[in-house]
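Colleague: Could you walk me through a few side-chain details of this model? I have some questions ready.

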Amino acid sequence: MSLRLRLFLLILSPLLLVSVLLGIWRFAVAQATAEDLFDRGLLAAALAISRDVAISEGDALSPRTRTLISNAGGGEVFYHVTGPGGIYVTGYAYPPAWRSPEETDEPRYKFAEYRKEPVRVLRMAETTTIGNLTGKTIVTVWQRMSDRNAFAADLARRAFAMIAALTATIAVLVWFGVDIGLRPLRGLHDAIERRSPDDLSRIQRAVPTEVTGIVATLNRLFGQVDQSIQTHQAFISDAAHQLRNPASALLVLAEALPNVSDPDEKHRREQDLIHAARTSARLAEQLLSLERLRHGGMGEVRSFDLNAMVEAVCADVAPDFLGRDLAFSFDPSQQPLPLRGDPVLIGEAVRNLIDNTLRHAGPDLSKVTVRLARDGSTACITVKDDGMGLPPDAEAVIFRRFGQLKPSEGSGLGLSFVQEVARLHGGRVAVSDDKGASFTVHLPLGLAD
């Protein structure tokens, strides 16, 4: 259903309901009006007849009275007159039955039946003198109900016709009025439809107040899509740049290897080729992992103990420190650290932090400490070294993809990966420089299974 039709029906439905109720009310008013007018007509006819009977002493009715009787209220009026002592004077011989024993001077109305037709009857009594007799003259007048109903129906039809014409006029005005009111929306639709797929600029078109929320949402969505496209383009450009060097190194080593005749040199070249291949594979794996993380690519989410998980990671990397004659320590938290998330991703993030110290702490590195602590409802994983530390503006560079303070063996993706893992788990990464570099990952605690 179109918005125009929906608004039209929403406006017209209560209007039709009001029209029906108004029509019912007008019909009831028409009935009451007809009854009042016809009752007044009967009273006028009865008074005129009573006057003529008194004046003519029962001989005849005046022409004006006869005309009134024949046309009063739009229908014929029947009458019956009796003089003092109940003597028949004039009119129809047999009036409708009137079973009231009391006779009063006040006009009285009732419904009755005359010749098998429902009628409205008026009976009134007056003291008159006819000839040498003085007494009550009773005038009875009546009229068919069908005449009254026809008059009421005519009034109702006129009212219904007026209401129907007014409703139809309003319906036409509403239909075209809604169409005019919706023109800004159609203009907005046409303006957006004319845009090219590459045009993600903000909508600057003036729109009604009711549509400003939709336009603001579209502008925000366009901005997010544009930012996402720019991020992907930057990722593709950076990935191509970073993968070009390892690929070139692999190609050079592979081309030079068949020409090496010295066994020792050939063995060394083979090891270099293997190392370059591993570096390329590691870089490609980090790129894919980081891109999956940016799109919510978490694995199995479950509850686990952070102390046990980080201890296992430290046990795996400890031989690398021993081989370099470096001090390495792990300080677990004295309190339990139940965490809900992906233990594989968090473990890889901790491994990247530790590996980052080996690659970038400098030649003065002698000690690395991994410490766990609990701060209220937050678990803190701190990896600290005593190396050369970080410059003041390092944080703006090191968390950027492929961001490096200076050329090194690393890919520049490790800390970016750590930051994405923390974000996915509702946490954050803090950096400090106090006699070396210190990275702390803050993660919200969860209930253990």
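This is a predicted model: local features need pLDDT of at least 70, side-chain atom pairs count only at pLDDT 80 or more; totals for chains, interfaces and linings use all residues.

Colleague: How many disulfides does the structure hold?
Modeller: A disulfide needs two cysteine sulfur atoms within 2.5 Å. By that criterion, the number of disulfides in the structure is zero.

Colleague: On to the rings: how is the aromatic pair of phenylalanine 38 and phenylalanine 151 arranged, stacked, edge-to-face or tilted?
Modeller: The structure holds nine aromatic pairs. In the one you ask about, the centres of phenylalanine 38 and phenylalanine 151 are 5.6 Å apart, with 55 degrees between the planes. Under 30 degrees would be stacked and over 60 edge-to-face, so the pair of phenylalanine 38 and phenylalanine 151 is tilted.

Colleague: Which helices does that pair link?
Modeller: Phenylalanine 38 and phenylalanine 151 are 113 residues apart, so the pair links distant parts of the chain. Phenylalanine 38 is buried at 2% relative accessible area, while phenylalanine 151 is partly exposed at 28%. The helices are helix 1 (residues 3-56) for phenylalanine 38 and helix 3 (residues 145-181) for phenylalanine 151.

Colleague: Which residue has its charged end over the ring of phenylalanine 111?
Modeller: The charged end sits 4.4 Å from the centre of that ring. The residue is arginine 120.

Note on methods. Residues are numbered from 1 along each chain as its sequence is written. Side-chain values use heavy atoms; hydrogens and water are left out. Rings of Phe, Tyr and Trp (its six-membered ring) pair if their centres lie within 6.5 Å; planes under 30 degrees apart count as stacked, over 60 as edge-to-face and the rest as tilted. Helices (H or I, at least four residues) and strands (E, at least two) are DSSP runs, numbered from the N terminus. Buried means under 20% relative accessible area, exposed over 50%, partly exposed in between (1.4 Å probe, protein chains only). A charge sits over a ring if NZ of Lys or CZ of Arg is within 6 Å of the ring centre and within 35 degrees of the ring normal.
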